[in-house]
Amino acid sequence: MECRTGCAACCIVISISSPIPGMPEGKPAGVRCVQLTDDNRCRLFGKPERPAVCGSLAASIEMCGSADEDAFRILGELEKATAPESGHDR
Ligand code: SF4
Ligand code: SF4
């Protein structure tokens with residue numbers, strides 16, 4: 001499937017441990033990435049500063065569901081399940 005532009009669940013819900021311009025420590029779970037525009041697009045799209053993990057996150061029905069609410073719920077559960085190993089405080 002293709003990423004639903006404007007969804008941005010994966011740029012908000014999950015934690016990103018690599019540095020992001022403006023967020024040198026990475027992004028905690030549940031926090032909007034500073035690189036997200038008001039209409040939920042990535043300012044770094046296609047740029048080398050974009051964390052590799054962002055480019056490697058492929059949209060899938062398992063992760064994104066069929067509506068933005070699905071993605072927020074599924075990723076929230078995923079984040080909860082992986083948080084202890086990722087070492088991020090919640
Ligand atoms: S959760 Fe899926 S559909 Fe939503 S922004 Fe991320 S990749 Fe795109
Ligand atoms: S850098 Fe871009 S793709 Fe990565 S979390 Fe931030 S807004 Fe999303």
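The views below show a predicted model, in which local features need pLDDT of at least 70 and side-chain atom pairs count only at pLDDT 80 or more, whereas totals for chains, interfaces and linings use all residues. Residues are numbered from 1 along each chain as its sequence is written, chains are lettered from A and ligands numbered from 1 in the order in which they are written, and side-chain values use heavy atoms, with hydrogens and water left out.

**View 1. The shell around ligand 1.** The residues around this ligand (those with a heavy atom within 4 Å of it) are C3, R4, C7, A8, A9, C10, A59, M63, C64, A71 and L75. Two or more residues of the shell come from each of helix 1 (9-12), helix 3 (61-64) and helix 4 (68-86), helices being DSSP runs of H or I with at least four residues, numbered from the N terminus.

**View 2. The largest pocket, in which ligand 1 sits.** A pocket is an open set of points on a 1 Å grid over the protein atoms alone, with protein on both sides within 12 Å along at least five of seven lines, and its lining residues have an atom within 4 Å of a point; a molecule sits in it if more than half of its atoms lie within 2 Å of its grid points. The volume of the largest pocket is about 570 Å³, taken as the space filled by probe spheres set on the points, which are joined across faces, edges and corners. Of its 27 lining residues, C3, C10, C11, F45 and R50 are the closest to the centre. Helix 1, helix 2 (52-56), helix 3 and helix 4 each supply at least two residues of the lining, which by class comprises 20 nonpolar, four polar and three charged residues.

**View 3. The salt bridge between R4 and D68.** The structure holds three salt bridges, each a side-chain nitrogen of Lys or Arg within 4 Å of a carboxyl oxygen of Asp or Glu. In the pair of R4 and D68, the closest N and O atoms are 2.7 Å apart. Because R4 lies in the segment before helix 1 and D68 in helix 4, the pair ties together parts that are 64 residues apart in sequence. R4 is partly exposed at 22% relative accessibility, and D68 is partly exposed at 25% (buried means under 20% relative accessible area, exposed over 50% and partly exposed in between, with a 1.4 Å probe and protein chains only).

**View 4. The salt bridges of D39 with R41 and of R73 with D70.** The side chains of D39 and R41 meet at 3.6 Å, N to O; D39 is partly exposed at 48%, as is R41 at 47%. R73 and D70 meet at 3.7 Å, N to O, and both lie in helix 4, three residues apart, about one turn of the helix.

**View 5. Ligand 2 in the largest cavity.** A cavity is a set of grid points where a 1.4 Å probe fits but cannot get out, and the largest cavity has a volume of about 90 Å³. The residues around ligand 2 are C11, I16, C33, Q35, L36, C42, L44, R50, P51 and C54, which by class are eight nonpolar, one polar and one charged. I20 and K27 are among the residues that line the cavity, and the lining has nine nonpolar, one polar and two charged residues.

Technical notes
Ala, Val, Leu, Ile, Met, Phe, Trp, Tyr, Cys and Pro count as nonpolar, Asp, Glu, Lys and Arg as charged, and the others, Gly among them, as polar.
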